[in-house]
Amino acid sequence: MVIKKKQKSLPHKKYKPKLAVFKFASCDGCQLSLLDCEDELLAVTGEIEIAHFLEASRRVLDGPYDLSLVEGSITTPHDAKRIRDVRKISRTLVTIGACATAGGIQALRNFKDVKEFVSLVYARPQYISTLATSTPIVEHVPVDFELRGCPINKSQLVETISAFLQGRKPQTPTSSVCMECKRRGTVCVMVAQQMACMGPVTQDGCGAICPAYNRGCYGCFGPKETTNTESLAKWFLEMGMKKEEVMRTFRGFNGYAPEFRQESERQEMG
Amino acid sequence: MIAINDRESFTILLKVLQEKGYTVIGPTVQGQAIVYDKIDSIQDLPVGCGDEHRPGGYSLRKRGDGALFGYVVGPASFKKFLFPPSQKLWQAKRTKDGFDVQKEKKERFKMAFLGVRPCEIQGIMVQVQVFLKGNYVDSHYQKRRKDNLIIAVNCSEPGGTCFCTSMHTGPSAKAGFDLCLTEIIEEKRHYFVAETGSPGGEVILKEVPHCEASASELKHRDQIMDKAENLMGRTMDTSGIKELLYRNRDHPQWEKIAQRCLSCANCTMVCPTCFCSHVTEGTDLTAQDVQRVRSWDSCFTSDFSYIHGRHVRHSTSARYRQWMTHKLASWIDQFGMSGCVGCGRCITWCPVGIDITEEVRNIRLGSVPNPNDSAKGVHDEND
């Protein structure tokens, strides 16, 4: 008769969700925001296993990953395939930054013929394999949450990760930059100084930095919910701006976001 | 009625307030605007500074005199000091079997508001009604309002977007102040006629050099204030306004406004009576620490009308209608007073210059007829 030895139970080990960071066509600024979380980074690594983050570590753990942060837009056939692979190994996929959520500044190519650019820039254009457009991730695969900004806001990133860990909705406002300007007590640069400002049609998230330094908002966080770009553009024209200038104002880092794109096209055609 | 002579006495007034432990908050020039902030000395006041208000436009101008209160109103009202834009309500830490609410440090707010315009006094009174009257008292507002001293300055030169006479809130303050001043600049004299409105105001005035105002000084004040009534840049016909707006939920003008309105919420942020807020509970990464924070919000955002799985006010027209109807009509049912004080901020600081007084006129123009009027008409005919 074999007497089974009573097995000692293993000490309970907390499961740490695996985090991956992937980069597509982008400047890396958004993923650097994660490294920039100096105060919070220790807490992050205490709660989450950084499994794939080439900007921070050579160590790569295999997927699947619980949370994938995706930076950058899709500009090449290779990337168009790679994002589908990333989606397959990601339980939750969050896109970060204007490139990933709206195509980024490189989406300016979408308004022109990319072949012309290639022939002007490269000595041997035949080596360049690129798509005609720069498109946001959501045009290629389903996305669970989009974190806007050029670059993203550090606190919003920590909030998104916290919300993911606790299984709640991230608290990231979709209302205008104006609301944050007023909360922080900045005097409106458009009303008091007749500066063109994208604040009334742009989503808050940056904390309304530019108007606090006497500049109009550039629209880095993309269109707010329920935008009225047409009315704002009309006011810009009444302020004395030329159509071309109004067109360029809407065609910035988020120029390919549908609401801004439609307005810049309206100005270009009209 | 008392006259405070010259600016020297004004310096003493500031000193008296400071010695009594008040943080004096009043007008300063910051950047391109009048901003209410901490005042340490008379130099902090906008000496010789005036302002121009028009729909969607604002600018400062030099007056060419030494007026201390020669502007109309600042972009932001005194609201931000009594109802801060963002405020921690409480904080808790997780424990083994629940959570512990952290004890807050006791803060004492002893603020003296200087240069409060009559419309702003009414703005504070409206918020007092909202936060402190009725069954539920907002303790956070109460804490800030408790030791609050109001030194009003009558509005002798209303601006281009002002309509306080229509709302019966100005340009002269009738009540709600501890001390009320009228600034008078004559060729060789610069003085204030003062009126006390509370025992607190009397105590302050006692310590400032003053004399009994002469008949000619009082006459001059009355002339200035009579003139001011006719300087309003705007008017609003408020007759039957509650019924007017209730009757016109489907007025085509709401859609027309929506073509211009940016739903950016600037009007509600600058309004001295708008009190909407949202409350968020934030956790840190480890979920050991939680904070409940209240921040200004607005009926112009979609999230604000998010109820049980959906937004109830999708369109900008619905949001504008909600704001204006609440402000001018349902506010009366809810709080027994209008939510509009006629300060004109929503007109000046709307980035595209939407004018609430003009929109009331537009609603009147194509209004659904008042059933009582027509009933009366029929009755008359039968007679």
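A residue is buried if 20 or more other C-beta atoms lie within 10 Å of its own, with C-beta atoms placed from the backbone. The views below show a predicted model.

**View 1. Chain A as a whole.** By this criterion, 45% of the 270 residues of chain A count as buried. The C-alpha trace of chain A spans about 95 × 55 × 30 Å along its principal axes. Its secondary structure comprises 12 helices and 5 strands. Among contacts between residues of chain A at least 6 apart in sequence, 71% join residues at least 24 apart.

**View 2. The two domains of chain A.** Chain A is divided into domain 1, residues 18-166, and domain 2, residues 177-269. The centres of these two domains, taken over C-alpha atoms, are separated by 25 Å. Where the domains meet, 14 residues of domain 1 of chain A are in contact with 12 residues of domain 2 of chain A. Helix α4 of chain A (residues 97-102) provides the largest share of the domain 1 side, namely 3 residues. Sorted by class, this side of domain 1 has 6 nonpolar, 7 polar and 1 charged residues.

**View 3. The contact between chain A and chain B.** Chain A contributes 32 residues to this contact, and chain B contributes 41 residues. On the side of chain A, at least two residues come from each of α2 (38-47), α6 (154-166), α7 (177-184), α8 (189-193) and α10 (229-238). Which helix supplies the largest share of this side? The largest share comes from α6(A), with 5 residues. By class, the side of chain A that touches chain B consists of 16 nonpolar, 11 polar and 5 charged residues.

**View 4. The largest nonpolar core.** In soluble globular proteins, nonpolar side chains tend to be buried together. The largest nonpolar core in this model has 159 residues. The residues with the most contacts inside this core are A:Val70, B:Ala112, B:Phe113, B:Ile151 and B:Ala152. From chain A, the core draws at least three residues from domain 1 (18-166) and at least three from domain 2 (177-269).

**View 5. The surroundings of B:Ala112.** B:Ala112 is one of the residues with the most contacts inside the largest nonpolar core. Which residues is B:Ala112 in contact with, leaving aside its neighbours within four places in sequence? These residues are B:Leu17, B:Tyr22, B:Val24, B:Ile25, B:Leu149 and B:Ile151. Of these partners, B:Ile151 is also listed among the residues with the most contacts inside the core.

Note on methods. Residues numbered from 1 in each chain as written. Chains lettered and ligands numbered in written order. Predicted model: local features only at pLDDT ≥ 70, side-chain atom pairs only at ≥ 80, totals over all residues. Domains from an automatic or database assignment. Contact = placed C-beta atoms within 7 Å. Helix = DSSP H or I, 4+ residues; strand = E, 2+ residues; numbered from the N terminus. Nonpolar A, V, L, I, M, F, W, Y, C, P; charged D, E, K, R; others polar. Core = buried A, V, L, I, M, F, W, Y, C linked by C-beta atoms within 7 Å. Buried ≥ 20, exposed ≤ 12 C-beta atoms within 10 Å, placed from the backbone.
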